[in-house]
Amino acid sequence: MRSIICPFILLSALSTLLSEEPPAPKSIEHLVSITLAANPEIRFYEAEIAKSKAVGSTAGRQSNPTLELQYGKNKLYAPDGSSDGLAFSASLAQPIEWPGRLGLRKAIANRDILLAELGLERFRFHLASRVRVLAYSLAAQQDVAIASNEVSARYASLREVMVQREPAGIAPQLEIVTIEAAALVAESSAAKAAVTMQQALLELNQLMGRRADAPLVVQRAAFEMKTAPSLDALLLTAMNNHYDLRMRRSELEQQGFKVALAKNERYPTVTVGPFFQQQNAPALENQSVIGIGVSFPLPLWKNGKAEVTAAEARQMQAQASLSTAQRLVERQVTESMLLFKTQQARLALWKKDTMTKFRDAAALADRHYRLGAVPMSTFVELQDKYLAAVGAINETQVQALEAALMLEALTGAPGSLVTLAAAKP
């Protein structure tokens, strides 16, 4: 018969479990602060805000004046001969926009800044939520892996004792096979936990801007789920605070300004400015001209109707997109509310010492089975139920945290439904 391999070797990639000097445990909120400070994608959103502000700083300004200089040769012809001289002219022209146009451009630029700031705020919120879920899941899977290794070690130790005895009859042989089969199940549970831990660790390190295989130990933290408001109150909050809806409303307002700007730009920009001309000829008197020039384009072939029609069409699209997003958010809030209440009710049924009770029962069954006080079926059943309970409790806690954070994201109210308590020692 084959020897049972301890599932610790399946976790060799997880240096947090095998390292002789594991890194100091980090609290979840500490990991969130590190991620918000070091995540490279945040720099992208910050650069977008800087770009929008730079564009907005010049959006409401008049165009620069134009200075035009001309210099040439002046040749005059007369019956008694010709005369050569110099001729030059200078003009300074200032484009004057139609009233209201600069204000509309400034309003559009301000909406770009607002959209960029909302994008950064939304990304930071979702990034913090994702780190909390990943870190809590990593800590939960660490507990599952530890429990799986405890049970697997019990099976391995018990099998070694049973093999050393010379089994007489079919019953001892079947007990050994039962122990081996149960050990395989425990090893499988440890392997699944190892894979989940590795996936969470890789993504968490990536979000934190670290090497994907950098070791990390997360302190297990309890979280408190608060009583959720009524569905109507949540829907009202979501309609006002949801990040995507706020961005779509800003885009709709911006598109309204673009429609007004397209209509305003049908009127031409007037360019006004003084000019000076002078002509010199040795045989004649010098001639100087001073005046004011006015110029404007004639909208003969481009009257701006196409631009207005296109802007109005984009405004209708923005309105339709906002309406669709509102219905989607309404459905998501309702679904998340049901999930949140379901997980909250499940957690309320469990006491704080539930996992400790199952762990002690599994250890007690091991000791009494070795003494012959409990049968094989009771021993195996308690070990399996211990593993199943640890997995179920941790999975429910992760799902509850995800549901609470999802509902907070939909309502745009961080910290309103769940609070992470101080890390357990």
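Visitor: Among contacts in the chain between residues at least 6 apart in sequence, what share joins residues at least 24 apart?

Guide: The share is 80%. This is a predicted model, by the way.

Visitor: What is the chain built from?

Guide: The chain has 10 helices and six strands. Of its 425 residues, 38% are buried. Its accessible surface comes to about 23900 Å². Carbon and sulfur atoms account for 59% of that surface.

Visitor: Let's pick some residues. Where is S148, and why is S148 called buried?

Guide: S148 sits in helix 4, residues 101-164. Its relative accessibility is 0%. Buried means under 20%. So S148 counts as buried.

Visitor: Which residues does S148 contact, leaving aside its neighbours within four places in sequence?

Guide: They are A186, S189, A190 and L387. To count as a contact, heavy atoms must lie within 4.5 Å.

Visitor: What makes Y155 buried?

Guide: Y155 is in helix 4. Its relative accessibility is 0%. The cut-off for buried is under 20%, so Y155 counts as buried.

Visitor: Which residues does Y155 touch, not counting residues up to four places away in sequence?

Guide: Y155 touches I179, A182, A183, A186, F379, V380, Q383 and D384. Take A186 from that list. A186 and Y155 are 31 residues apart along the chain, and their C-alpha atoms are separated by 9.0 Å.

Visitor: How far apart are S336 and L410, in sequence and in space?

Guide: They are 74 residues apart in sequence. From C-alpha to C-alpha, they are 8.7 Å apart in space. L410 is also one of the residues in contact with S336, along with M406 and L407.

Visitor: Now the surface. Why is V294 called exposed?

Guide: V294 has a relative accessible area of 53%. Exposed means over 50%. So V294 is exposed. V294 is in strand 5, residues 287-295.

Visitor: Which residues make the nonpolar surface patch with V294?

Guide: I292, F296, L298, L300 and W301 make the patch together with V294. The patch covers about 800 Å².

Visitor: How many salt bridges does a search of the whole structure find?

Guide: The search finds 15. Side chains of opposite charge can pair when their charged atoms come close.

Visitor: How do you know that R132 and E29 form a salt bridge?

Guide: Their closest N and O atoms are 3.0 Å apart. The limit is within 4 Å. The pair passes, and R132 forms a salt bridge with E29. This pair links distant parts of the chain. R132 is in helix 4, and E29 is in helix 2, residues 28-38. They are 103 residues apart.

Visitor: Is E29 buried, exposed or partly exposed, and why?

Guide: E29 has a relative accessible area of 36%. Buried needs under 20%, exposed needs over 50%, and partly exposed falls in between. So E29 is partly exposed.

Visitor: What makes R105 and E97 a salt bridge?

Guide: The N to O distance is 3.3 Å. The limit is within 4 Å, and the two side chains meet in a salt bridge. E97 also forms a salt bridge with R101, where the closest N and O atoms are 3.0 Å apart.

Visitor: Why do R101 and E97 count as buried?

Guide: R101 has 2% relative accessibility. E97 has 11%. Buried means under 20%. So R101 counts as buried, and so does E97. Salt bridges that share partners join E97, R101, R105 and E265 into one network.

Visitor: Why is R105 called partly exposed?

Guide: R105 has 27% relative accessibility.

How values were computed
Residues numbered from 1 in each chain as written. Predicted model: local features only at pLDDT ≥ 70, side-chain atom pairs only at ≥ 80, totals over all residues. Heavy atoms only, no water. Helix = DSSP H or I, 4+ residues; strand = E, 2+ residues; numbered from the N terminus. Buried < 20%, exposed > 50% of the residue type's maximum accessible area, 1.4 Å probe, protein only. Patch = residues over 30% accessible without salt bridge, like charges linked within 9 Å, V, L, I, M, F, W, Y side chains within 5 Å. Areas by Shrake-Rupley, 256 points an atom, 1.4 Å probe, with all protein chains shown as cover.
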